[in-house]
Amino acid sequence: LSTWFIMVLNPFWRVKSYSDTCWGKFPHGSIVMANHLCYVDAWVLAKLLVPHGAYFIATGMLFRFPILGQVMYMSGHFPVWFKKDESGKFKAANHHELQEAAKVTLKRGGRLCVFPEGALSHDGELKPFKYGFFKVAKETGAHIIPVGMWGNQYLFPPGNQYGTASPGTVHAAIGNAVNPEDFDTVEELCEHVRGEILRLRNGLPNYKKEKEGNVGGGEIKHYTV
């Protein structure tokens, strides 16, 4: 249903994908983690995941959109509701409930999609990662699939959530599965996955072109969704 919404709402969006493996694998009971560039990242990632199904951890704001919000609820996705703490910073008000529900989903073989920055990057740079779902991965043994994306922000720019979407092509690279048991601490696991997402993003041709070749990235194989 998420992918159907992509094509119906804007048929001019394309996703070109690349992979460290032949096709990019999303095993059951795994957590897909990607960088967060715009309000429609979830649907871009959903198209990348076809034909695999997944449950998204997404801002509650998306669940308030007419029709789309109801579809997300009925599809079993998880809303994150934010509130200000004493310092005035926004934090997830329901993170404990989310993590417990995520563990149940993973143990049943479901796939989760998470944006570990916890918020949009308004300048495209990778923000610090939150540890929450890395703890879930350590506690459940769920493998993490890193994904680096670029170009999403031009489809539906941050700060323009009620504006007009633009046509364009997103490039996305899928990394190899990361086994949380290979790391002693949550911090080490988080640092490794963040490094992988950076490597994958930096290796994308549209990112390299935009940055005039001044970045490094690992070699990735190409296939198109």
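Biologist: At what angle do α5 and helix α7 pack?
Modeller: This is a predicted model. In it, α7 spans residues 186-202. The axes of α5 and α7 lie 9 Å apart, and the packing angle is about 115°.

Biologist: Is α5 oblique or roughly perpendicular to α7?
Modeller: Angles from 65 to 115 degrees count as roughly perpendicular. The angle here is about 115°. That is why α5 is, relative to α7, roughly perpendicular.

Biologist: Is the crossing of α5 and α7 left-handed or right-handed, and which residues of α7 make the contact?
Modeller: The crossing of α5 and α7 is right-handed. From α5, the contact takes F134, K135, A137 and K138. From α7, the contact takes V186, L189, C190 and V193.

Biologist: By class, how many residues of the contact of α5 with α7 are nonpolar?
Modeller: The contact has no polar residues. Its charged residues number 2. The nonpolar count is 6.

Biologist: What is the angle between helix α4 and helix α5?
Modeller: α4 covers residues 95-107 and α5 covers residues 132-140. Their axes are 10 Å apart. The packing angle is about 40°.

Biologist: Is α4 oblique or roughly parallel to α5?
Modeller: Roughly parallel needs an angle under 35 degrees. α4 and α5 pack at about 40°. Therefore α4 is, relative to α5, oblique.

Biologist: Which residues of α5 make the contact with α4, and what is the hand of the crossing?
Modeller: On α4, the contact residues are Q99, A102, K103, L106 and K107. On α5, they are G132, F133, V136, E139 and T140. The crossing of α4 and α5 is right-handed.

Biologist: How many residues of the contact of α4 with α5 are charged?
Modeller: This contact has 4 nonpolar residues. It also has 3 polar ones. The charged count is 3.

Biologist: Where does F129 lie, and is F129 buried or exposed?
Modeller: F129 sits in the loop between β7 and α5. Its relative accessible area is 9%. The cut-off for buried is under 20%, so F129 is buried.

Biologist: Which residues is F129 in contact with, leaving aside neighbours within four places in sequence?
Modeller: F134 of α5 takes part in the contact with α7. F134 is also in contact with F129. C190 and V193 of α7 belong to that helix contact too. The list for F129 is P116, E117, F134, C190, V193, R194 and I197.

Biologist: How far are the C-alpha atoms of F129 and F115 separated?
Modeller: F129 and F115 are 14 residues apart along the chain. Their C-alpha atoms are separated by 8.7 Å.

Biologist: Which residue in β8 is the bridge partner of V32?
Modeller: β2 holds residues 31-34, and V32 is buried on one of its faces, along with A34. β2 pairs with β8 in the parallel sense over 4 bridges. For V32, the partner is I145.

Biologist: Which residue in β9 stands opposite V147?
Modeller: V147 is buried and points the same way from β8 as I145 and M149. β8 and β9 run antiparallel, joined by 4 bridges. The residue opposite V147 is I174.

Terms used. Residues are numbered from 1 along each chain as its sequence is written. This is a predicted model: local features need pLDDT of at least 70, side-chain atom pairs count only at pLDDT 80 or more; totals for chains, interfaces and linings use all residues. Side-chain values use heavy atoms; hydrogens and water are left out. Buried means under 20% relative accessible area, exposed over 50%, partly exposed in between (1.4 Å probe, protein chains only). Helices (H or I, at least four residues) and strands (E, at least two) are DSSP runs, numbered from the N terminus. Two strands pair if DSSP finds at least two bridges between them. Axes are lines fitted to C-alpha atoms, for helices over the stretch in contact, and angles run from 0 to 180 degrees between N-to-C directions. Angles under 35 degrees count as roughly parallel, over 145 as roughly antiparallel, 65 to 115 as roughly perpendicular and the rest as oblique. A crossing is left-handed if the near helix is turned anticlockwise from the far one by less than a right angle, and right-handed if clockwise. Contact means heavy atoms within 4.5 Å. Ala, Val, Leu, Ile, Met, Phe, Trp, Tyr, Cys and Pro count as nonpolar, Asp, Glu, Lys and Arg as charged, and the others, Gly among them, as polar.
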